[in-house]
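Thanks, everyone. I'll take one structure and walk through a few local details.

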Amino acid sequence: MEANLIKISSGFSFIKTIKKPYSSSYIFFSSSSISISKKNKSSKKISQNQQFRKLGSSSKESFNETAFEVERLTLDSKARDEMAEKADKEIKEEEEDSKAWKWRIRKRVWDLMETENIAQNPRPVHHRIPNFVGADSAAKNMGGLEVFKEAKCVKVNPDSPQKQVRFLTLSGGKKLLTPQPRLRTGFFSMLESSMLTPATLNEACTSVGVAKFGRPIGLDEKIKVDLIVIGSVAVDPKTGARLGKGEGFAELEYGMLRYMGAIDDTTPVVTSVHDRQLVDDIPVEKLLIHDVPIDIICTPTQVIFTNTAIPKPQGIYWDKLSPEKLSQIRILRELKSRIERETGQKLPCGPSEKLPPTAQRKAIAQQKHR
């Protein structure tokens, strides 16, 4: 099915109602297939920011921004190095079930953005959701969508090119749901404009600001997310097929929101990218069951309705989740233990893998406002 493409040059107001009555015969674990008892809530709830606050204090003023940022940058740098190593290995090995084709497309896009100088800091953009020239214009176009205007709660990824989307969400009086980077220090944080002042609004759109001002939520939180915004490395406008940076966190976040009942097949998924990140060579038949398709693409110059026919993930696919990835993310371990305890069944585990990383951050100072 061909995409509906709308070129624009200024503000606009339009929309098609997106209806995606997807069905799937896949086997999965989700909130619709597993009933979880709410009785076992005796475990201690530890704030995701506790390690960055002074002992005995819970005030926002005691939040240690320097410690938080130093740890974030250190872990990001290590992650990118490992990701680059994994990409090189998969491309060289050319195994039958290899993901080498994904890395080739990613590398081509990253290289192109650097060569054509359409990349923005943080640079280099390799092994990142790349920031790009015109990111604010793409965000403005997204802000003109009816699905954005009508949304009361928007989940937005924490990456640089979507910072303006986060700002528009908060300044528009909406609830902003943002995951902690790589889900390392916690799960999701909820922010509302009522929690902020005009002086702190812009800071709240950064990774540090989310941790500093946001309210941590857990798996038992009753929320309804009206719109999902995720970053991308490459997107096919004709099919809605998407490639991220290769770590799978967008998919895990989506799966956990499905488990919580916060979203369903009809929840629109939107991305903002540069026009040069649009590709036509992502083979849909090679996508995995947990890959999240895109409904609407916003670039600096156009809005594209993909009319994607790719089924959306229905939950967490534990048989695809490696022991290494599971050990890296505390909230996933808690969820797995809960399901196994409540159902009396041991969930499957995916094959072992060498976890991907992140690119080195040479100029730490320029990362402060990510």
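**Salt bridges, a helix pair and a threonine**

Let's start with Lys 149: at 39% relative accessibility, this side chain is partly exposed. Keep in mind that this is a predicted model.

Lys 149 has a partner. Its side chain forms a salt bridge with Glu 146, 3.8 Å from N to O. Both residues sit in helix α4, residues 146-150, three residues apart, about one turn of the helix.

How many salt bridges does the structure hold? The count is 17. Another one joins Lys 107 and Asp 111, at 2.7 Å, N to O. These two lie in helix α2, residues 100-115, four residues apart, again about one turn. Lys 107 is partly exposed at 45%. Asp 111 is partly exposed too, at 27%. Then there is Asp 226 with Lys 224, 2.7 Å from N to O. Lys 224 is exposed, with a relative accessible area of 59%.

Next, the helix pair. Helix α3, residues 135-143, and helix α5, residues 163-171, have axes that come within 8 Å and cross at roughly 40°. The crossing is right-handed. On the α3 side, the contact uses Asp 136, Ala 139, Lys 140 and Met 142; on the α5 side, Gln 164, Val 165 and Leu 168. That makes four nonpolar, one polar and two charged residues.

Last stop: Thr 271, in strand β9, residues 269-272. Buried or exposed? Buried, because its relative accessibility is 0%. Its side chain reaches the backbone oxygen of Ile 230 at 2.7 Å. A polar contact of 2.8 Å links it to the side chain of Ser 232. Thr 271 also touches other residues, including Met 142, Val 235 and Cys 298.

Notes: Residues numbered from 1 in each chain as written. Predicted model: local features only at pLDDT ≥ 70, side-chain atom pairs only at ≥ 80, totals over all residues. Heavy atoms only, no water. Buried < 20%, exposed > 50% of the residue type's maximum accessible area, 1.4 Å probe, protein only. Polar contact = N/O pair within 3.5 Å; in protein donor to acceptor, adjacent residues only side chain to side chain. Contact = heavy atoms within 4.5 Å. Axes fitted to C-alpha atoms, helices over the stretch in contact; angles between N-to-C directions. Left-handed = near helix turned anticlockwise from the far one by under 90°. Nonpolar A, V, L, I, M, F, W, Y, C, P; charged D, E, K, R; others polar. Salt bridge = Lys/Arg side-chain N within 4 Å of Asp/Glu carboxyl O. Lists of a residue's contacts leave out its neighbours within four places in sequence.
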